[in-house]
Amino acid sequence: MVEQRLLHIDGQDVAASDGATFLVRNPATGEALYEVAHGTAEDVDRAVAAARAAFDDGRWRHIAPRERARTLNRAAALLAERIEEFARMETLQIGRPLREMRAQLKRLPEWLEYFGAVAQTTEGSSPDFGAGHLNVVRRVPLGVAGLITPWNHPLLITMKKLSVAVAAGNSVVIKPSELGPIVPMELVLLLEEAGLPAGVVNIVPGLGRTTGKALSEHPGLAKLDITGGTETGKVIAANAGRSLIPVTAELGGKAPVLIFDDADTDQAVAGALFAAFVATGQTCVQGARILVQRDSYERVVTALVERTRQLKLGDPLDSQTQVGPLVSEAQRDKAADAVERARKQGATVLTGGAVPTGAGLSQGWFYEPTVVAGVTPEMDLWYEEVFGPVIVVAPFDDEADAVAQANDSPFGLAASIWTQNVGRAVRVSRGLDIGIVWVNDHHRIDPSSPWGGFKESGIGSENGLDAFHAYTRPQSLIINSSDAEFDWFATVEDLRYS
Ligand code: NAD
């Protein structure tokens, strides 16, 4: 049975102004799961107006940070009770194996707790203005933030943006991905159950080219925060730029995994396998280019290919399943097309490279975990983000060559370095034009740790104090503490502003 879901504006569930809806499907079976109201430009406008009214009357931003933190902590506790339910809902919509969704979602209460604590401990400053004045600088919230989120970690990415935005006292309008909107919608209800006033968080699902476009063009926003593909980010940032709205953008990637001769081979292979195929390769920090120092290349690649062949594809709700389907037919076809083009351009598929035919795999959008060798910078696959279970392996000679190959990308989101030599890890990291660098690890995240890409991977960062600062701005209060008479136009000499 297909469940119906509505928009949530000003604390109310409402239908779209034109009554339109769209379907959310299970990518493992193609079955329709939800019929969701499709927000129009008029609905976006209503949501921004509701968020603005909530901001202007101070029902949230003017309460003490400790009260805001208490509400967020209550929401964290409510969320912790619903992890299993939400993990299943996410798996049904996006096909990511349940074991992975559980592992991811159980971390999410930490974001509410962390940013609640940051809101309470953030202090202003008092620059020394000189003897005649006292200057107090407070960090104040921005206003209404528009949050546009992708499908690949529907709740995690909504949480990363929402937690900091509301902890800082802003109001928001969320446009979740049309492929996985339901759990972000549940989160909004949960926040209100925890005591967040109506109107502070509004959610308007719909397609990117209609609902997302309307939100990104809305002049009533004080900030736009998008996670998505690089081309989407460019369109959205251009829309926001027309109204001088600041943008945070977390965009695409093609992360290199650099494995040196002195690495622990078993750990490096396990790390590369995780980097490559967690979430069926559909993560922005996917280890999509596994670069191995030449003397170890055969050994590492042989082991990686062997372990890739052993990965178990299947029903994402089965706890034995390691790799699920891709999120949609279009995404599966994109992966298949990228591999075919690489083959035609002269690359060699070491394993995978086909749509699997085993039992239980015929209904969904499955694609075999694929390792491709012989890919050069002349071929599309070296540079393009596939966003699926397709990786490139290539050799490098030394540290300088590793850094040059790693940086040879339009993206600069993430990388990992595998070595037992600490000095080497530090030297190599200094050369990387990349925002997040792990050493002997990959894809680790914490609410306190900045997450943001260089180059075409984005603008600004999520998590940590930088993100909190980006959701606030300084307001400078300058108080005259002098008892001297002041009359600018009656003064002839010694004119001075301060
Ligand atoms: P996408 O760009 O297709 O969509 C992202 C969001 O933007 C969705 O809500 C979509 O509806 C909306 N959108 C699409 N076109 C729009 C338009 N013209 N105007 C306004 N809104 C529009 O991305 P996706 O397929 O949902 O997610 C995958 C992409 O996201 C990958 O490129 C991945 O690397 C990136 N990503 C980046 C990070 C990061 O932290 N850097 C994290 C996750 C995903």
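**Entry 1: salt bridges**

I began by counting salt bridges, and the structure holds 30 of them. I keep in mind that this is a predicted model.

I looked up a few of these pairs one by one. The side chain of aspartate 43 meets that of arginine 46 in a salt bridge, with N to O at 2.6 Å. I found both residues in helix H1, which covers residues 41-56. They sit three residues apart there, about one turn of the helix.

Is aspartate 43 buried or exposed? I read a relative accessible area of 0% for aspartate 43, so this residue is buried. Arginine 46 is partly exposed, because its relative accessible area is 37%.

Next I went to aspartate 333, which forms a salt bridge with arginine 332. The closest N and O atoms of this pair are 3.2 Å apart. Aspartate 333 is partly exposed at 38% relative accessible area, whereas arginine 332 counts as buried at 12%.

I then followed arginine 341 to its partner, glutamate 384; their closest N and O atoms are 3.1 Å apart. Where do the two residues lie? Arginine 341 is in helix H12 (residues 329-344), while glutamate 384 is in the loop between helix H13 (380-383) and strand E16 (390-396). The pair therefore ties together parts that are 43 residues apart in sequence. I also noted that arginine 341 is partly exposed, with a relative accessible area of 24%.

My last note here is on a group. Glu3, Arg5, Arg82, Glu85 and Glu186 are linked in a network of salt bridges.

**Entry 2: two domains**

I turned to the domain assignment of the protein chain. Domain 1 is given as 3-251 + 457-477, and domain 2 as 255-439. The C-alpha centres of the two domains lie 31 Å apart.

How many residues of each domain are in contact with the other domain? I found 21 residues of domain 1 in contact with 24 residues of domain 2. About 1900 Å² is buried between the two domains, and carbon and sulfur atoms give 62% of that area. On the domain 1 side, Pro27, Trp151 and Ser457 supply 27% of the area buried against domain 2, more than any other three residues.

I checked for salt bridges across this interface, and the rule finds zero. Polar contacts are another matter: seven residue pairs are in polar contact across the interface.

Which helices supply at least two residues each to the side of domain 1 that touches domain 2? I wrote down helix H3 (83-94) and helix H4 (98-105). H3 gives the most to that side, with five residues. By type, the residues on that side of domain 1 divide into nine nonpolar, eight polar and four charged.

**Entry 3: threonine 283**

I picked out threonine 283, in the loop between helix H10 (265-277) and strand E13 (287-293). With a relative accessible area of 2%, threonine 283 is buried. Beyond its neighbours within four places in sequence, I saw threonine 283 in contact with Asn152, His153, Val278, Phe387 and His443.

**Entry 4: glycine 353**

Glycine 353 lies in another loop, between strand E14 (348-351) and strand E15 (370-373). I read a relative accessible area of 9% for glycine 353, so this residue is buried too.

What does glycine 353 touch, not counting residues up to four places away in sequence? I listed Val339, Glu340, Arg343, Tyr367, Glu368 and Thr370. I also looked up asparagine 135, which is 218 residues from glycine 353 along the chain. The C-alpha atoms of these two residues are separated by 64 Å.

**Entry 5: asparagine 170**

I ended with asparagine 170, in the loop between helix H6 (154-167) and strand E8 (171-175). Its relative accessible area is 0%, so asparagine 170 is buried.

Which backbone oxygens does the side chain of asparagine 170 reach? One is the backbone oxygen of alanine 165, at 3.0 Å. Another is the backbone oxygen of tyrosine 471, also at 3.0 Å.

Leaving aside neighbours within four places in sequence, I found asparagine 170 in contact with Ala165 and Tyr471, and with Phe55, Trp60, Pro141, Leu142, Gly143 and Val200.

Definitions and conventions. Residues numbered from 1 in each chain as written. Predicted model: local features only at pLDDT ≥ 70, side-chain atom pairs only at ≥ 80, totals over all residues. Heavy atoms only, no water. Domains from an automatic or database assignment. Contact = heavy atoms within 4.5 Å. Buried area = accessible area lost by both parts, 1.4 Å probe. Salt bridge = Lys/Arg side-chain N within 4 Å of Asp/Glu carboxyl O. Polar contact = N/O pair within 3.5 Å; in protein donor to acceptor, adjacent residues only side chain to side chain. Helix = DSSP H or I, 4+ residues; strand = E, 2+ residues; numbered from the N terminus. Nonpolar A, V, L, I, M, F, W, Y, C, P; charged D, E, K, R; others polar. Buried < 20%, exposed > 50% of the residue type's maximum accessible area, 1.4 Å probe, protein only.
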